[in-house]
Amino acid sequence: MLQPLSSILLSIFCILLGYNLFTSWLNKDKTQIWNPITFLGLTLIYYVIVPSVSDLSMWGGDTAQNQWVFYLTLVLFYISVLIGFRSKHKPGFKKWNQLFTVENSQRIALILFLIALACYVPFRGFRTSISADDATVISERTGLVSYFIDLIALFVSACCLALVGLKETKDMGFKKRIVIFVILYFTLVMFIVGGFRYRLVMLLLAMATTYHLYPQPRNVNYKVFVPLAIAAYLLFAVMDSARNYGAGLNMEAAKSFTLEDASKGAAENASVCSYSISVTSRMFETGERFGFEPIITAILMPIPRMFLPWKPDAEYLRMAEQSVGATGGAAFLGFTEAYTAFGFLGVILYGLFMGWLAKKIWLNYQYNQNSIGAILLLALFNGFCYVWISRGYMAAAFNIFIYYVVLPFWITILIRRFSKH
């Protein structure tokens with residue numbers, strides 16, 4: 001249940017969000033709806049608005065003494081993002097924009113896919129189905145193993161590039177269809193087997209952006225993507241009860257899941273929102289702050305622990321859980337982590353930075369609308385926005401940003417260096 005002041009602040013946020021989304025949606029420029037602020041807003045709808053009007057009982061979010069503080073941070077964060085998005089930038093990413101052509105897109109897609117597969121299979125096995133019964137190799141994430149497993153992040157960029165190549169079907173149309181079918185099929189299998197839903201969301205958002213912006217902007221194809229979104233929503237509910245991380249789905253549990261059960265959703269959005277409220281309320285009451293610890297943890301995250309054994313291991317997250325009596329694995333929102341670090345100032349600065357980076361990538365596309373590289377960068381970043389908001393662990397967000405958004409371009413630079421095209 002929302003307290004009166006919380007309801008007022010949530011209403012202010014809804015007005016700001018609604019105005020921003022509708023102005024983009026109604027704009028004659030078909031590209032506007034695909035700017036990163038749209039995806040930040042949609043994520044906040046799912047993780048804040050929906051739980052706020054339904055159920056906040058988990059982790060005591062409905063009874064938190066200072067519940068209103070969370071909604072104040074929400075408003076401050078969103079306003080800061082909008083202000084940051086108004087910043088001006090010079091054209092950038094010139095080298096990345098020139099990496100991809102119609103002729104090389106599917107070839108690079110296939111190479112990225114094979115690199116990811118070669119790194120993943122030795123530690124998780126080659127899979128053709130999502131059933132946990134077919135699991136063979138499930139290596140523990142020790143040493144450098146995680147770095148190889150996480151390279152399946154390249155699947156997202158591979159799918160987007162394969163989609164680009166598919167749209168040019170004058171020559172070898174059948175072969176190009178086979179390429180995207182193979183890449184997309186095994187991407188879905190590996191992502192579902194892995195058990196992390198955020199990968200599927202990033203894939204859907206990135207491919208939707210690519211589909212609607214290449215080779216030229218088009219109206220939103222609701223007939224295709226609304227059913228896909230509904231199917232993903234139902235799948236996430238099934239995964240919530242039947243997944244075995246790294247092994248696949250328990251098919252017996254999945255088969256016992258009814259459509260009515262699945263239609264209720266995964267409920268993790270309610271968990272995240274309620275936990276965010278409780279942590280914000282508790283830290284407002286105590287005045288405790290984690291300072292630079294989240295930033296330091298994020299900066300050192302990409303360095304293997306075997307080379308840096310003393311690097312921090314996100315102890316502050318466990319402290320936050322203990323402060324509200326939560327169990328391991330509870331997650332709060334991105335701007336809530338900013339609040340735990342530096343209070344309201346942290347929320348404002350984080351929002352400004354997020355808006356600034358979103359505008360930099362958006363303007364790169366606006367200046368280079370015919371560039372496959374610019375479209376791919378925007379598509380990957382739009383998918384990343386979901387994780388950035390929904391999971392308040394800066395170190396993991398930074399790691400995901402490197403793997404999903406940056407690494408495909410770095411590897412492509414190497415591919416182009418050792419090839420003629």
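I started at Trp59, which sits in the loop between H2 and helix H3 (67-84). Helices here are DSSP runs of H or I with at least four residues, strands are E runs of at least two, and the numbering goes from the N terminus. Before going on, I noted that this is a predicted model, where local features need pLDDT of at least 70 and side-chain atom pairs count only at pLDDT 80 or more, while totals for chains, interfaces and linings use all residues. I also noted that residues are numbered from 1 along each chain as its sequence is written, and that side-chain values use heavy atoms, with hydrogens and water left out.

Back to Trp59: its phi is near 65°, a positive value in a residue other than glycine. Most residues other than glycine have a negative phi, and most peptide bonds are trans. Trp59 has a relative accessible area of 25%, so I put it down as partly exposed. My cut-offs: buried is under 20% relative accessible area, exposed is over 50%, and partly exposed is in between, with a 1.4 Å probe and protein chains only.

Phe93 went on the list too, with a positive phi of about 60° although it is not a glycine. I found Phe93 in the loop between H3 and helix H4 (94-97). Its relative accessible area is 25%, which makes Phe93 partly exposed.

Then I looked for a cis peptide bond and got one joining Tyr214 and Pro215, with omega about 0°. Pro215 belongs to the loop between helix H9 (197-213) and helix H10 (222-242).

**Helix H7**

How many residues does H7 have, and how far does it reach from its first C-alpha to its last? It covers residues 154-166, which is 13 residues, and reaches 18 Å, close to the 18 Å expected at 1.5 Å a residue. The expected span is 1.5 Å times one less than the number of residues. I checked burial next: 12 of the 13 residues of H7 are buried, so the helix is largely enclosed by the rest of the structure. Among the buried ones are Leu154, Phe155, Val156, Cys159, Cys160 and Gly165.

**H2 against H16**

H2 brings Pro36, Ile37, Leu40 and Leu44 to the contact, and H16 brings Phe335, Met354, Ala358 and Trp362. Contact here is heavy atoms within 4.5 Å. By class, I get 8 nonpolar, no polar and no charged residues.

**Cysteines**

I searched the whole structure for disulfides (cysteine sulfur pairs within 2.5 Å) and found 0. Cys159 is in no disulfide, and the nearest cysteine sulfur, that of Cys160, is 6.9 Å away. At 0% relative accessibility, Cys159 counts as buried.

**Salt bridges**

I counted 5 salt bridges, taking a side-chain nitrogen of Lys or Arg within 4 Å of a carboxyl oxygen of Asp or Glu.

Glu268 and Arg391 meet at 2.8 Å, N to O. This pair links distant parts of the chain, 123 residues apart: Glu268 is in helix H13 (residues 268-286), and Arg391 is in the loop between helix H17 (372-390) and helix H18 (394-417). Glu268 is buried at 11% relative accessibility, whereas Arg391 is partly exposed at 30%.

Arg318 pairs with Asp313 at 3.2 Å, N to O. I read 34% relative accessible area for Arg318 and 43% for Asp313. Glu315 also meets Arg318 in a salt bridge, at 3.0 Å, N to O. Glu315 and Arg318 are separated by about one helical turn because they are 3 residues apart in helix H15 (residues 315-324). Salt bridges that share partners join Asp313, Glu315 and Arg318 into one network.

Note on methods: Nonpolar A, V, L, I, M, F, W, Y, C, P; charged D, E, K, R; others polar.
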